[in-house]
Amino acid sequence: MQQSSTFQIGDKVIVPAAINGFGKDMQAIVCKVENFMGNTLVTVDYLTPDPMGGKGGCFRDFQIKAATDVEIGKDNKASK
């Protein structure tokens, strides 16, 4: 059975350190969601360049998590 992704283009996400291999969680925005051979693939653009100079990556939907404005750093009131 194919699972449906809850991610949509423009969603803010966190790519965990264990998945991205850079030793820290990376903040990103979803730029593409597609199904391939029964898997949902989510392509993201990092909000800051990764340590290797890349701009993003492609991950399976269960590997990344949705982010809140507080996690992304857009809500300055909540972080004070």
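Phe 7 is in contact, meaning heavy atoms within 4.5 Å, with Val 13, Val 30, Val 33, Val 42, Asp 61, Ile 64, Lys 65 and Ala 66, once its neighbours within four places in sequence are left aside. Please bear in mind that this is a predicted model, in which local features need pLDDT of at least 70 and side-chain atom pairs count only at pLDDT 80 or more, while totals for chains, interfaces and linings use all residues. Residues are numbered from 1 along each chain as its sequence is written, and side-chain values use heavy atoms, with hydrogens and water left out.

Phe 7 also belongs to the largest nonpolar core, which has eleven residues. By a nonpolar core I mean a set of buried Ala, Val, Leu, Ile, Met, Phe, Trp, Tyr and Cys residues joined through side-chain atoms within 4.5 Å. Buried denotes under 20% relative accessible area, exposed over 50%, and partly exposed in between, with a 1.4 Å probe and protein chains only. Strand S1 (12-15), S2 and S3 each supply at least two residues of this core.

I turn now to the sheet. Helices (H or I, at least four residues) and strands (E, at least two) are DSSP runs, numbered from the N terminus; two strands pair if DSSP finds at least two bridges between them. Five strands form an open, antiparallel sheet in the order S4-S3-S2-S1-S5. Its edge strands, each pairing on one side only, are S4 (56-60) and S5 (65-66).

Within the sheet, S2 (residues 26-36) and S3 (residues 39-46) are antiparallel and share eight bridges; Val 30 stands opposite Val 44 in S3. S1 and S2 pair over four bridges, and S1 and S5 are joined by two. Ile 14 has a bridge partner in each direction: Gln 27 in S2 and Lys 65 in S5.

Asn 20 lies in helix H1 (residues 17-20) and counts as buried because its relative accessibility is 10%. Its side chain reaches the backbone oxygen of Val 15 at 3.1 Å. Not counting residues up to four places away in sequence, Asn 20 touches Val 15, Asp 25, Met 26 and Tyr 46.

Thr 40, in strand S3, is likewise classed as buried, because its relative accessibility is 4%. The side chains of Thr 40 and Asn 35 are joined by a polar contact of 2.9 Å. Such a contact is a pair of N or O atoms within 3.5 Å; within protein, one must be able to donate a hydrogen and the other to accept it, and residues adjacent in sequence count only if both atoms are side-chain atoms.
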